[in-house]
Amino acid sequence: MSFFSHKTAIIDKDCVIGNGTRIWHWTHISSGARIGNNCSLGQNVFVSGKARIGNNVRIQNNVSIYDCVIIGDDVFCGPSMVFTNIINPRAEISRRDQYMSTIVKQGATLGANCTIVCGNSIGEYAFIGAGSVVTGGVPPFALMAGNPAKHIGWMSRFGERLSLPLSGQGRDSCPHTGDVYILEKNSCSILNTSNK
């Protein structure tokens, strides 16, 4: 496999790192980690041995990907955003057997300084606003903001806010791609895609 790592990066044995991936200054990849193709890991990133990262993922500076965090393809992790893997940590009590999974599905954006509380799933192409604290599951294409994060809208795959109601039914198209989105039974999906 052919990937780039800065001379200050620490890459332990028995990692899998995909072709075209770039690992920058002071980043640490732990033994057992699995990272896909064409990813970018910024400065001061930590990837635990039981973390899984898909293809074409962008992880900005100062992000730690802990055990039981699973990141799908095309995910953006903004600067200094936070994952957790235990709901009730205590320094004096070992709870490694109580780690909870966090799953981030394809195309999601996790804004700068947001926090994703463990045990939750972030749906495809969801968009978590900067500084938000996610305490529950997030549906596909949902726009979330605040502390705790609340559902405030819907986002296209292109990353533009759609003119759809929060609930009920609706239809809108992305002016950049022509993709048509429908809202039915409080769930947003792509009716058709232009593949642009």
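Student: How many helices and how many strands are there in the chain?

Tutor: This is a predicted model, and in it the chain has zero helices and 26 strands. The radius of gyration of the chain is 17 Å, close to the 16 Å that the globule rule gives for 196 residues, so the chain is as compact as a globular protein of that length. Along its principal axes, the C-alpha trace spans about 50 × 40 × 25 Å.

Student: How do I read the way strands pair, and which strands form an open sheet here?

Tutor: The general idea is that strands of a sheet pair through backbone hydrogen bonds, either parallel or antiparallel. In this structure, three strands form an open sheet in the order 14-17-20, and the pairing is parallel. Strand 14 and strand 20 (133–134) are the edge strands, each of them pairing on one side only. Strand 17, which covers residues 115–116, pairs with strand 20 over two bridges in the parallel sense, and within that pairing the bridge partner of Ile-116 is Val-134 in strand 20.

Student: Where in the chain can I find the antiparallel sense?

Tutor: Look at strand 24 (residues 170–173) and strand 25, which pair in the antiparallel sense over four bridges, with Arg-171 standing opposite Ile-182 in strand 25. These two strands form a hairpin with six residues between them, and Gly-178 in the turn has a positive phi of about 85°. Strand 25 also pairs in the antiparallel sense with strand 26 (residues 187–192), over five bridges, and here Ile-182 stands opposite Ser-189 in strand 26. Strand 25 and strand 26 form a hairpin as well, with two residues between them, and Lys-185 in the turn has a positive phi of about 50°.

Student: Why is strand 25 described as largely enclosed by the rest of the structure?

Tutor: The reasoning rests on burial, where a residue counts as buried if its relative accessible area is under 20%. Four of the five residues of strand 25 are buried, so strand 25 is largely enclosed by the rest of the structure. For the chain as a whole, buried residues make up 41% of the 196 residues.

Student: How should I think about a nonpolar core, and which residues have the most contacts inside the largest one?

Tutor: In soluble globular proteins, nonpolar side chains tend to be buried together. The largest nonpolar core in this model has 45 residues, and those with the most contacts inside it are Val-47, Ile-65, Phe-83, Leu-110 and Ile-122. The elements that give two or more residues to this core are strand 12 (69–71), strand 21 and strand 25 (180–184).

Student: Is Asn-85 buried or exposed, and where does it lie?

Tutor: Asn-85 sits in the loop between strand 14 (82–83) and strand 15 (102–104), and because its relative accessibility is 11%, it counts as buried. A polar atom of the Asn-85 side chain lies 3.4 Å from the backbone oxygen of Asp-67. Apart from neighbours within four places in sequence, the residues in contact with Asn-85 include Tyr-66, Asp-67, Tyr-99 and Cys-118.

Student: What does His-25 touch, apart from residues up to four places away in sequence?

Tutor: His-25 touches His-6, Thr-8, Gly-42, Gln-43 and Asn-44. His-25 lies in the loop between strand 4 and strand 5 and is partly exposed, with a relative accessible area of 23%. His-25 and Lys-7 are 18 residues apart in sequence, while their C-alpha atoms are 7.4 Å apart in space.

Student: Which peptide bond is cis?

Tutor: The bond from Asn-147 to Pro-148 is cis, with omega near -5°, and Pro-148 lies in the loop between strand 21 (142–145) and strand 22 (150–155).

Technical notes
Residues are numbered from 1 along each chain as its sequence is written. This is a predicted model: local features need pLDDT of at least 70, side-chain atom pairs count only at pLDDT 80 or more; totals for chains, interfaces and linings use all residues. Side-chain values use heavy atoms; hydrogens and water are left out. Buried means under 20% relative accessible area, exposed over 50%, partly exposed in between (1.4 Å probe, protein chains only). A polar contact is a pair of N or O atoms within 3.5 Å; within protein, one must be able to donate a hydrogen and the other to accept it, and residues adjacent in sequence count only if both atoms are side-chain atoms. Contact means heavy atoms within 4.5 Å. A nonpolar core is a set of buried Ala, Val, Leu, Ile, Met, Phe, Trp, Tyr and Cys residues joined through side-chain atoms within 4.5 Å. Two strands pair if DSSP finds at least two bridges between them. The radius of gyration is taken over C-alpha atoms; the globule rule is 2.2 Å times the number of residues to the power 0.38.
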